[in-house]
Amino acid sequence: MAEVVREESIRIATEYNDMPETFSPGSTTAAPGQSYYKGLAVAFGLLCLLQVGLNVSLRIYNSGKMANIDFNRANETAVMKMKLNELEKYLQQGWLYIHPSLYYVSRVTKSWFDSRNFCVKRGADLVVINSKKEQEFTNQFARITWIGLHQREDNEQWVWVDGTLLTRSFWAPGEPSDDEGKDENCTEIREHYIEKSWNDASCQQKNFWICEKNISFL
């Protein structure tokens with residue numbers, strides 16, 4: 001841009017210096033109107049310089065804008081490809097994809113803590129049930145399964161493994177009961193194919209479990 005502006009300045013200065021004189025040789029007074037026309041020439045030259053600078057700036061701006069768009073598209077494509085590869089890997093390992101999460105239902109039994117450790121090692125955690133639809137999905141397996149709801153020992157609040165407090169529950173009638181003072185601080189799905197199916201149980205009890213991992217493509 002600097003080179004273009006410099007060349008345009010030289011051209012305008014040359015045209016200005018080459019303008020013909022309309023008064024007699026030796027005269028020190030400009031002919032009528034001469035100063036006016038020279039002023040117009042200078043003003044026109046400055047406008048040309050501004051236009052050249054503006055055009056060059058716009059070309060640079062648009063070029064950078066297009067480059068940024070291309071970069072964003074390439075980045076989005078790379079992220080999508082990575083997620084698809086990740087999804088394929090989990091599906092091959094027996095996980096189920098129900099938007100926006102992947103789920104894994106175990107085939108063996110473990111304590112609540114060992115079940116959670118299994119999930120965490122695979123980039124997931126025990127399932128957090130946020131809706132009636134998700135409750136229906138996790139409730140369809142004919143197994144007693146751990147979910148990611150447990151009771152804090154300090155204040156007895158029920159909290160999910162992601163740190164959120166329990167707001168909507170699907171406890172079975174009479175639950176949670178902390179039966180016979182057994183410190184039933186973990187939650188299992190016991191009754192199947194009914195909406196209210198949760199039961200509190202000892203965390204050392206061995207159950208199947210359900211892992212959940214968010215892998216939203218939106």
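These are my notebook entries on a predicted model of one protein.

**Entry 1: overall layout**

I began with the secondary structure and found 4 helices and 8 strands. Read from the N terminus, the elements run α-α-β-β-α-β-α-β-β-β-β-β. I then looked up burial: of the 218 residues in the protein, 33% are buried. The exposed surface comes to about 14,000 Å², and carbon and sulfur atoms supply 55% of it. For contacts I took those with a separation of 6 or more, and residues 24 or more positions apart account for 68% of them.

**Entry 2: the disulfides**

How many disulfides does the structure hold? I found 2. With bonded cysteines counted along the chain, their pattern is 1-4, 2-3.

I took the link of cysteine 119 and cysteine 211 to begin with; the sulfur atoms are 1.9 Å apart. This pair links distant parts of the chain, with cysteine 119 in helix 3 (residues 112–120) and cysteine 211 in strand 8 (residues 208–214). The two cysteines are 92 residues apart. Is the link left-handed or right-handed? I noted -80 degrees about the S-S bond, which is left-handed. Cysteine 119 and cysteine 211 are both buried.

The other disulfide joins cysteine 186 to cysteine 203, with 1.9 Å from S to S. It also links distant parts of the chain: cysteine 186 is in strand 6 (residues 186–189), and cysteine 203 is in the loop between strand 7 (198–201) and strand 8. Here the cysteines are 17 residues apart. The link of cysteine 186 and cysteine 203 is right-handed, with 95 degrees about the S-S bond. I recorded both cysteine 186 and cysteine 203 as buried.

I went back to cysteine 211, which lies in strand 8. Why does cysteine 211 count as buried? Its relative accessibility is 0%, and therefore it falls under the 20% cut-off for buried residues.

Next I listed its contacts, leaving aside neighbours within four places in sequence. Cysteine 211 is in contact with Trp95, with Leu102, Tyr103 and Tyr104, with Phe118 and Cys119, and with Ala124, Asp125, Leu126 and Val127. Cys119 in that list is its disulfide partner. I also looked up serine 115, which is 96 residues from cysteine 211 along the chain; their C-alpha atoms are separated by 8.4 Å.

**Entry 3: the largest pocket**

The largest pocket holds about 200 Å³ of space. Its lining consists of Ile98, His99, Pro100, Ser101, Tyr103, Asn130, Ser131, Lys133, Glu134, Phe137, Glu212 and Asn214. Which elements give two or more residues to this lining? They are strand 2 (101–105), helix 4 (132–138) and strand 8. Helix 4 gives the most, with 3 residues. I sorted the lining by class and got 4 nonpolar, 5 polar and 3 charged residues.

**Entry 4: the second largest pocket**

The second largest pocket has about 150 Å³ of space. I listed its lining as Trp112, Phe113, Arg116, His150, Gln151, Glu153, Asp183, Asn185, Cys186, Ser202, Cys203 and Gln204. Cys186 and Cys203 in this lining are joined by a disulfide. Helix 3 and strand 4 (145–151) each supply at least two residues of the lining. Helix 3 gives the most, with 3 residues. By class the lining has 4 nonpolar, 5 polar and 3 charged residues.

**Entry 5: backbone details**

I then looked for cis peptide bonds. One joins histidine 99 and proline 100, with omega at about 5 degrees. Proline 100 is in the loop between strand 1 (96–98) and strand 2. His99 and Pro100 are among the residues that line the largest pocket.

Another cis peptide bond joins glutamate 175 and proline 176, with omega at about 0 degrees. Proline 176 lies in the loop between strand 5 (158–160) and strand 6.

The last item was tyrosine 193, which is not a glycine but has a positive phi of about 65 degrees. I placed tyrosine 193 in the loop between strand 6 and strand 7. Is tyrosine 193 buried or exposed? Its relative accessible area is 60%, over the 50% cut-off, so tyrosine 193 counts as exposed.

Notes: Residues are numbered from 1 along each chain as its sequence is written. This is a predicted model: local features need pLDDT of at least 70, side-chain atom pairs count only at pLDDT 80 or more; totals for chains, interfaces and linings use all residues. Side-chain values use heavy atoms; hydrogens and water are left out. Buried means under 20% relative accessible area, exposed over 50%, partly exposed in between (1.4 Å probe, protein chains only). Contact means heavy atoms within 4.5 Å. Accessible areas come from the Shrake-Rupley method with a 1.4 Å probe; for residues, only the protein chains shown count as cover. A disulfide is a pair of cysteine sulfur atoms within 2.5 Å. On a 1 Å grid over the protein atoms alone, a cavity is a set of points where a 1.4 Å probe fits but cannot get out, and a pocket is an open set with protein on both sides within 12 Å along at least five of seven lines; lining residues have an atom within 4 Å of a point. Grid points are joined across faces, edges and corners, and a volume is the space filled by probe spheres set on the points. Ala, Val, Leu, Ile, Met, Phe, Trp, Tyr, Cys and Pro count as nonpolar, Asp, Glu, Lys and Arg as charged, and the others, Gly among them, as polar.
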